[in-house]
Amino acid sequence: MKIEFQGRKAIVTGSTAGIGRAIAEGLARAGASVVINGRGEERVATALRELRELLPDADFQGVVADVSTAEGSAALEAAVKDADILVNNAGTAHVSGFFEQKDSEWLDLFQLNVMSGVRAARHYIPGMVKRGWGRVVFISSESAVAIPKEMIDYGMTKTAQLAVSRGLAELVGGTGVTVNAVLPGPTRSEILGNWMKATAQEQGITQGEAEQNFLKTMRPTTLINRFTTTEEVANMVIYICSTQAAGTSGAALRVDGGVIRSIT
Ligand code: NAD
């Protein structure tokens, strides 16, 4: 199977680092024209420079926009009117005590992890439907299914993404547009990598040992006994965005290293 995206424009939100960056790189390698998005001028410029060095023939555009706000989403839409592929990846998580958390923390996380994707889908899907082809992917998490007790708010946002993704797939059924969710497990991205690095320094152990401790205590059901790489997550996204994946819509696809102990 040879996946090709020549002539397709892709937006990957939150793509200056981590999983989003790997998805952007993978889509560009397969010929897509890719929009890199992040909040800061400098981070977007650095990502663009590095990606252009790596893939000199690829076409990248940078858009600085904080998609956790309606204004930021509007700025992205103004800069990029149409897209064939939309990957709603921007998101974050904080370890927090449920009983100490304020309403504003729940709402802020919902704005970033859920509303950024809702707004982008509302803007970009009608054009895809009109053109008869489109791919929308929500980067959810295994935490959507196995809600972590130290991040209930995060679990809630990731489950909400599954609802939005499935609902949109129903809405655009038969149009040539597919909508799916991808559920990564613990992945060596920027945020989790930094967390493991800090834990390792604090405890005087290696990052690899910190990751193993995390898996043993927090994700003991892992079948691969390691963090996934951002590239492994990206590979699933690239497949699901391909023309070859036209038979899959409304699905929740796991790249969780088998953490979720369920067959379906
Ligand atoms: P990361 O922090 O390493 O990278 C996130 C990227 O999004 C960065 O480029 C950051 O600058 C950007 N970003 C953050 N807030 C933004 C905003 N408001 N507007 C625009 N850009 C913004 O994170 P990651 O681990 O790669 O996570 C990416 C997605 O994958 C998230 O939705 C996350 O919930 C999901 N996920 C991650 C893991 C994991 O273990 N790393 C597991 C499951 C799901």
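This briefing walks through the ligand site and the cavities of the structure above. The model is predicted, so local features need pLDDT of at least 70 and side-chain atom pairs count only at pLDDT 80 or more, while totals for chains, interfaces and linings use all residues. Residues are numbered from 1 along each chain as its sequence is written, and side-chain values use heavy atoms, with hydrogens and water left out.

**Around the ligand**

- There are 29 residues around the ligand, and T16, D66, Y154, T187 and S189 come nearest; a residue is near if one of its heavy atoms lies within 4 Å of the molecule.
- By class, this shell has eleven nonpolar, 13 polar and five charged residues. Here Ala, Val, Leu, Ile, Met, Phe, Trp, Tyr, Cys and Pro count as nonpolar, Asp, Glu, Lys and Arg as charged, and the others, Gly among them, as polar.
- Domain 1 (9-185 + 229-255) and domain 2 (187-227) each give the shell at least three residues, with bounds taken from an automatic or database domain assignment.

**Backbone contacts and cover**

- A polar backbone atom of I19 sits 2.8 Å from an oxygen atom of the ligand.
- For N89, a backbone N or O atom is 2.8 Å from a ligand oxygen atom.
- For E190, the distance from a backbone N or O atom to an oxygen atom of the ligand is 3.0 Å.
- On its own the ligand exposes 830 Å², and the protein buries 93% of that (areas by the Shrake-Rupley method with a 1.4 Å probe).
- Helix 1 (18-29), strand 2 (33-38), helix 5 (152-171) and helix 6 (190-203) are the elements that give two or more residues to the shell. Helices (H or I, at least four residues) and strands (E, at least two) are DSSP runs, numbered from the N terminus.
- Helix 6 provides the largest share of the shell, three residues.

**Cavities**

- The structure has two cavities of 30 Å³ or more. A cavity is a set of points, on a 1 Å grid over the protein atoms alone, where a 1.4 Å probe fits but cannot get out; lining residues have an atom within 4 Å of a point. Points are joined across faces, edges and corners, and a volume is the space filled by probe spheres set on them.
- The largest cavity holds about 40 Å³ of space, and its lining includes T13, V67, R119 and Y124.
- Helix 4 (103-131) and helix 3 (70-79) each supply at least two residues of that lining, with helix 4 giving the largest share, four residues.
- The second largest cavity has a volume of about 30 Å³; among the residues lining this cavity are G185, P186, R226 and D256.

Note on methods. A polar contact is a pair of N or O atoms within 3.5 Å; within protein, one must be able to donate a hydrogen and the other to accept it, and residues adjacent in sequence count only if both atoms are side-chain atoms. On a 1 Å grid over the protein atoms alone, a cavity is a set of points where a 1.4 Å probe fits but cannot get out, and a pocket is an open set with protein on both sides within 12 Å along at least five of seven lines; lining residues have an atom within 4 Å of a point.
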